[in-house]
Amino acid sequence: MSDATTQAPGRVLLQARGVTKAYKLGSTKLEVLRGVDLDVCEGEILAILGKSGCGKSTLLHVLGWLDPADSGSIHFEGRDRASVPQRERARLRNEVMGFVFQFYHLLPELTALENVLMPSMIRYGRLAWPQHKKAVTERAHVLLEQVGLKDRMGHRPRHLSGGERQRVAIARALQNEPRFLFCDEPTGNLDGKTADEIRDLLWQLNKETGQTMVVVTHDARMARQADRFVHIVDGRARDDGELDLVEEIQRD
Ligand SMILES: Nc1ncnc2c1ncn2[C@@H]1O[C@H](COP(=O)(O)OP(=O)(O)OP(=O)(O)O)[C@@H](O)[C@H]1O
Ligand SMILES: [Mg+2]
């Protein structure tokens with residue numbers, strides 16, 4: 001059983017305080033996050049659990065600085081998102097944070113290999129690209145091989161299965177060797193064996209490189225292997241749930 005707590009031991013890399021977020025649809029306001037407090041420590045794997053629709057993806061996007069909170073703060077390495085200029089936020093997201101989206105967000109006109117290379121192209125830009133191209137292309141090949149897509153590098157997303165797209169998205173998130181990885185149900189569309197392989201790969205990266213990871217998951221095995229877990233209930237992060245109970249909740 002993981003020792004779940006929202007207060008992580010060690011150096012806090014990511015800190016959320018009083019985070020709220022609502023969606024407005026016409027005259028209706030849907031309050032999804034209602035005051036999330038959460039710490040993520042350097043080198044740990046934190047699993048986020050909760051019922052479908054409870055706000056896990058919303059929270060992950062806010063934690064990863066993709067979307068702003070309505071109120072509250074998100075500090076990454078001591079810097080408040082609200083005070084970091086857009087350009088610097090984009091640089092940090094590209095170089096320091098990797099993101100595996102629940103619905104992949106691959107570029108349809110690019111091949112699997114080109115999708116994985118995209119973060120490196122953005123990082124180096126047109127001028128520096130030629131000098132880095134060989135090394136980063138080699139890395140993209142290795143990553144695609146590690147996620148089991150050696151024979152699919154030239155395929156466009158529409159010619160890949162859901163699970164294969166997910167694996168391309170994982171390789172893309174790892175391409176720039178981020179120190180911090182956000183994963184939104186990274187094994188959600190994979191069969192048991194492939195899910196085990198992907199989980200092993202992510203855990204291996206955590207052990208070898210000390211990469212910090214926040215992972216939204218319905219995969220009980222993944223949650224069990226995380227250093228800690230929290231679950232989202234009524235728009236807040238709770239650390240007092242038993243994992244078995246959490247699984248019960250998710251079966252509702
Ligand atoms: N852009 C949006 N506009 C309006 N409502 C939204 C928007 N995005 C999400 N929602 C609503 O907010 C709630 C939380 O959505 P979210 O995607 O964060 O849930 P989730 O916990 O990730 O669910 P799942 O486990 O099914 O992926 C849901 O009720 C959803 O319908
Ligand atoms: Mg989601």
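This is a predicted model: local features need pLDDT of at least 70, side-chain atom pairs count only at pLDDT 80 or more; totals for chains, interfaces and linings use all residues.
A pocket, as the word is used here, is an open set of grid points with protein on both sides within 12 Å along at least five of seven lines.

About 270 Å³ of space lies in the second largest pocket. It is lined by 17 residues, and Glu177, Pro178, Leu205, Thr209 and Gln211 are the closest to its centre. Helix 5 (192–209) and helix 3 each supply at least two residues of this lining, with the largest share, five residues, coming from helix 5. Sorted by class, the lining has six nonpolar, six polar and five charged residues.

**The largest pocket**

The largest pocket holds about 500 Å³ of space. Among its 19 lining residues, Arg93, Asn94, Phe99, Phe101 and Pro119 are the closest to the centre. Helix 3 gives the most, with four residues. By class, the lining of the largest pocket has eleven nonpolar, six polar and two charged residues. Domain 1 and domain 2 are each represented by at least three residues in the lining of the largest pocket.

**Around ligand 1**

Now for the ligand. There are 14 residues around ligand 1, and Ser52, Gly53, Lys56, Thr58 and Gln102 come nearest. By class, this shell has four nonpolar, seven polar and three charged residues.

| Residue | Part of the residue | Distance to an oxygen atom of ligand 1 |
|---|---|---|
| Thr58 | polar side-chain atom | 2.6 Å |
| Ser57 | N or O atom in the side chain | 2.9 Å |
| Cys54 | polar backbone atom | 3.3 Å |

On its own, ligand 1 has 640 Å² of accessible area, and the protein covers 64% of it. Which elements give two or more residues to the shell around ligand 1? They are strand 2 (28–41) and helix 1 (56–63). Helix 1 provides the largest share of that shell, three residues.

Terms used:
Residues are numbered from 1 along each chain as its sequence is written. Chains are lettered from A and ligands numbered from 1 in the order in which they are written. Side-chain values use heavy atoms; hydrogens and water are left out. A residue is near a molecule or strand if one of its heavy atoms lies within 4 Å of it. A polar contact is a pair of N or O atoms within 3.5 Å; within protein, one must be able to donate a hydrogen and the other to accept it, and residues adjacent in sequence count only if both atoms are side-chain atoms. Accessible areas come from the Shrake-Rupley method with a 1.4 Å probe; for residues, only the protein chains shown count as cover. Ala, Val, Leu, Ile, Met, Phe, Trp, Tyr, Cys and Pro count as nonpolar, Asp, Glu, Lys and Arg as charged, and the others, Gly among them, as polar. On a 1 Å grid over the protein atoms alone, a cavity is a set of points where a 1.4 Å probe fits but cannot get out, and a pocket is an open set with protein on both sides within 12 Å along at least five of seven lines; lining residues have an atom within 4 Å of a point. Grid points are joined across faces, edges and corners, and a volume is the space filled by probe spheres set on the points. Domain bounds come from an automatic or database domain assignment.
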